[in-house]
Amino acid sequence: MTILKEITEYVKTGNAKKVEELVKKAIDDGKDPGDILNNSLITGMSEIGILFKNNEVFIPEVLIAARAMKAGMAILKPLLIEKDVKPVGKVVLGTVKGDLHDIGKNLVGMMLEGAGFEVIDLGIDVSPEKFVEAARDNQADCVAMSALLTTTMPHMKDTIEAFEAAGLRENVKIMIGGAPITQSYADEIGADGYASDAASAAELAKNLIS
Ligand code: B1M
């Protein structure tokens, strides 16, 4: 098995120590940091995402895989910056105003990072104004909103309207998700996309900005 394939397997099984050790070894062996990122860490997260989507693994496995990926990323990051390897895109992520649920949102963030995005996570209870400000300040490509309550879903619409009012709607793709959200709700409020789970969210973000 190649070292990159080995790293992929250790990301999937969530072995952060091994990932760290093998990423260091791959660098010492002269492997390109971008190659290590794309063909081992991202592959591992994307494979765990598919298993999660198919209910073959569950939240704890995704969390430990993400921790292992992050251990590898911590080593790669300075080298990627040095080599000016750009992220796939920038996503501003948050749970909408009035909503404190963040477990699903955090999984979405991990899958986005795993897919090579830079994620600016604004946390929970994020107002439309905060989404607009963060997207503007960071020149984000995409805004990703999560809501778990039927009472907070309308803030997704308010946020889209805030982007329109700020004259920034054309600059960003807006995607939404969360247990009560549907594709028809996304269509109704004028979002660019809806994803039902974290792995699909990463796929959607890639499609939206490509
Ligand atoms: Co709350 N809660 N909760 N809760 N809570 C629900 C959502 C509820 C369905 C429970 C119920 O009554 N059966 C219900 C909502 C009813 C409704 O509106 N229809 C509810 C309620 C009512 C409340 C309170 C109002 C309770 C109260 O105080 N009376 C209160 C509200 C607080 C607030 O937000 N203002 C409340 C509070 C809480 C806790 C704080 C105790 C806790 C949250 C802890 C935390 O997140 N840090 C909590 C929890 C844990 C839940 C349940 C049990 C689990 C939610 C969860 O984390 N699921 C939930 C019931 C349930 O869903 N079974 C419930 C796991 C997570 C991985 O799934 O978030 O759906 P989910 O994310 C998925 C997808 O939806 C998708 O990807 C994820 C993974 O694949 N996804 C996206 C999510 N965001 C996405 C964004 C995307 C794309 C995909 O693109 C941007």
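This report covers the overall build of the chain and then strand β3.

The model is predicted. The chain has nine helices and five strands.

**Overall dimensions**

The chain has 210 residues and a radius of gyration of 17 Å, which agrees with the value near 17 Å for a compact globule. Along the principal axes, the C-alpha atoms fill a box of roughly 50 × 35 × 25 Å. Buried residues account for 48% of the chain. Of the contacts between residues at least 6 apart in sequence, 72% join residues at least 24 apart.

The accessible surface comes to about 10,100 Å². Carbon and sulfur atoms hold 52% of that surface. Charged side chains number 22 positive and 32 negative. The centres of these two sets lie 4 Å apart.

**Strand β3**

Strand β3 spans residues 142-146. Five of its five residues are buried, so β3 is largely enclosed by the rest of the structure. In a regular strand, side chains alternate between the two faces of the sheet. In β3, Cys142, Ala144 and Ser146 point one way. Val143 and Met145 point the other way. Both sets are buried.

β3 pairs with two strands, β1 and β4. Ala144 takes part in both pairings: Leu93 has Ala144 as its bridge partner in β3, and Met175 is the bridge partner of Ala144 in β4.

| Pair | Residues of the partner of β3 | Sense | Bridges |
|---|---|---|---|
| β1 and β3 | β1, residues 90-95 | parallel | five bridges |
| β3 and β4 | β4, residues 173-177 | parallel | five bridges |

Terms used
Residues numbered from 1 in each chain as written. Predicted model: local features only at pLDDT ≥ 70, side-chain atom pairs only at ≥ 80, totals over all residues. Heavy atoms only, no water. Helix = DSSP H or I, 4+ residues; strand = E, 2+ residues; numbered from the N terminus. Rg over C-alpha atoms; globule rule 2.2 N^0.38 Å. Buried < 20%, exposed > 50% of the residue type's maximum accessible area, 1.4 Å probe, protein only. Contact = heavy atoms within 4.5 Å. Areas by Shrake-Rupley, 256 points an atom, 1.4 Å probe, with all protein chains shown as cover. Lys, Arg positive; Asp, Glu negative; His and termini not counted. Charge placed at Lys NZ, Arg CZ, Asp CG, Glu CD. Pairing = 2+ DSSP bridges.
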